[in-house]
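Dear colleague,

I am handing over the structure below, together with my notes on it.

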Amino acid sequence: MTRTLLPDLTPDRVAAAARRVMARCDELARVTAAPGEIERVYLSTEHARVNRLAAEWMREVGMSTRQDAAGNQIGRLHPSTGSGHRASDRDAPALMIGSHLDTVPDAGRFDGIVGVLMALEVVRLLRVPSPSGEGSVSPLPFAIEVVAFSDEEGTRFGKALLGSSAVAGTWNDDWWQLTDADGTTLRQAALEFGLDPGRIGEAARRPDELVGYLEAHIEQGPELDRRGESLAVVSSIASARRFQLVVEGEARHAGGTPYDMRHDALLGASEAALAVERICRGEHHVIGTVGQLEAFPGAVNIVPGEAHFSLDLRGEFDGERDRVWDSLSRELDVIMGRRGLRWRSREVHNAAAVMCAPLLQDVIRAGIRGALPDLPGDPATLFSPAGHDGMSIGAITDVGMLFLRNPDGISHHPDEAVSAADVALGIRALAESVLHLAAEPR
Ligand code: GLV
Ligand code: MN
Ligand code: MN
């Protein structure tokens with residue numbers, strides 16, 4: 001692949017960009033609903049605040065901005081092709097680069113966030129003054145859009161990827177009835193945020209409006225750290241299903257009820273959680289986690305009559321993931337039958353595995369080589385067991401992802417980290433990837 005444009009990617013400029021990314025990750029970490037922790041969920045006041053900050057930073061690098069009907073914050077750098085007048089290029093296809101600004105509870109400060117901020121720095125590095133003398137434009141044969149997705153984690157409503165599903169045009173109107181922990185429906189939360197549920201379809205993008213989607217993200221696993229490498233190309237993103245399960249037994253006196261008379265729902269749920277581990281451990285490509293477990297009525301002296309728990313099930317391939325769910329369901333029948341319990345499940349999220357486009361894998365590989373010219377051999381190629389916005393966006397355009405080393409692989413935890421040096425390499429690699437893509441025949 002040949003490069004047609006040579007923007008200034010000197011180490012000092014890229015290092016300054018990385019320092020800005022790190023400082024802004026700190027700044028966004030202060031926008032939180034939980035003092036002393038980081039928590040920013042969909043359609044919250046914190047969501048509105050980070051969108052305002054992101055919009056400011058988008059305008060600072062010459063982008064026009066809008067918040068779409070699903071609360072995604074979008075910046076657009078128009079191309080300078082054709083007449084060179086920005087207004088005439090408003091409909092030009094765009095390369096989307098982005099990630100998400102929402103978080104899990106007690107989150108780290110980089111998951112999603114670093115990818116949005118790196119995308120803004122790529123725009124800063126690549127943009128050129130507009131021929132009309134007003135603002136900046138993209139020197140590439142396409143527009144560049146930076147997207148800060150509003151909900152990737154699904155923390156508030158259980159269903160993940162709400163922001164990117166709206167962009168992909170795969171929004172399901174049943175989701176409006178989803179409720180948060182306080183019983184607020186998604187519809188009510190959207191109205192309170194200032195969005196019009198009736199206009200959600202306007203967030204959808206058409207495939208012909210897009211050149212592709214690129215995302216930089218921390219790895220959220222230990223592979224790069226173990227290999228002593230900074231960056232990787234992502235080959236595919238795991239398929240995921242999430243369930244809320246209920247076990248029903250009988251609440252009775254904790255002192256007076258002999259063991260042979262108990263139908264303890266919490267013990268049934270606990271045995272189910274162990275079965276998840278046992279069954280998934282036996283599988284190479286499927287991983288299951290019970291992250292929530294609650295007993296009812298929840299008193300110290302009552303045998304639990306009901307238990308609620310969550311199940312997050314991921315696989316490299318949809319078929320293997322589904323086969324594991326089928327075996328788990330059979331196992332739950334056995335466990336609950338033996339204990340005299342009933343169980344039921346509600347699926348709250350289902351996303352198919354997404355293969356990263358071979359062309360975008362190639363341009364990211366070339367971008368990594370540009371950032372790391374002394375790397376012996378090919379850059380690492382990793383499969384992503386973590387979910388990403390590209391899982392939805394894959395329905396409308398090609399997806400490519402760049403992973404950054406995440407020390408000790410710890411993520412969804414306050415200790416989540418990435419080094420400024422790796423962010424600098426990542427920015428350089430992402431910028432070069434975009435240039436390689438621009439040099440590809442379209
Ligand atoms: C998102 O981070 C997920 O993989 O759950
Ligand atoms: Mn996450
Ligand atoms: Mn993420």
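I begin with the metals: D111 bridges the manganese ion (ligand 3) and the manganese ion (ligand 2), and the two ions lie 3.5 Å apart. The manganese ion (ligand 3) is coordinated by H100 (NE2), D111 (OD) and H217 (NE2) at 2.0 to 2.3 Å, where donors are N, O and S atoms within 2.8 Å of the metal (3.2 Å for Na, K and Ca), and water is not among the atoms, so sites may look incomplete.

Please keep in mind that this is a predicted model, in which local features need pLDDT of at least 70 and side-chain atom pairs count only at pLDDT 80 or more, while totals for chains, interfaces and linings use all residues. Residues are numbered from 1 along each chain as its sequence is written, chains are lettered from A and ligands numbered from 1 in the order in which they are written, and side-chain values use heavy atoms, with hydrogens and water left out.

Helices (H or I, at least four residues) and strands (E, at least two) are DSSP runs, numbered from the N terminus. D111 and E153 are both buried, as are H100 and H217, buried meaning under 20% relative accessible area, exposed over 50% and partly exposed in between (1.4 Å probe, protein chains only).

As for the chain as a whole, its secondary structure comes to 11 helices and 18 strands, and 55% of its 442 residues count as buried. The radius of gyration is 23 Å, which agrees with the value near 22 Å that a compact globule of 442 residues would have; this radius is taken over C-alpha atoms, and the globule rule is 2.2 Å times the number of residues to the power 0.38. Along the principal axes, the C-alpha atoms fill a box of roughly 85 × 50 × 40 Å.

Some single residues may also deserve a look. S165, whose place is in helix 4, counts as buried at 4% relative accessibility, and, leaving aside its neighbours within four places in sequence, S165 is in contact (heavy atoms within 4.5 Å) with K159, T170, W171, W175 and S392. R30, in the loop between helix 1 (11-29) and helix 2 (45-60), is exposed, with a relative accessible area of 59%.

On the backbone, most residues other than glycine have a negative phi, and most peptide bonds are trans. The peptide bond from F296 to P297 is cis, with omega near 5°, and P297 is placed in the loop between strand 12 (293-296) and strand 13 (302-303). L43 has a positive phi, near 65°, and is buried, with a relative accessible area of 7%. Phi of D408 is also positive, near 65°; D408 lies in the loop between strand 18 (399-404) and helix 11 (420-439) and counts as exposed at 59% relative accessibility.
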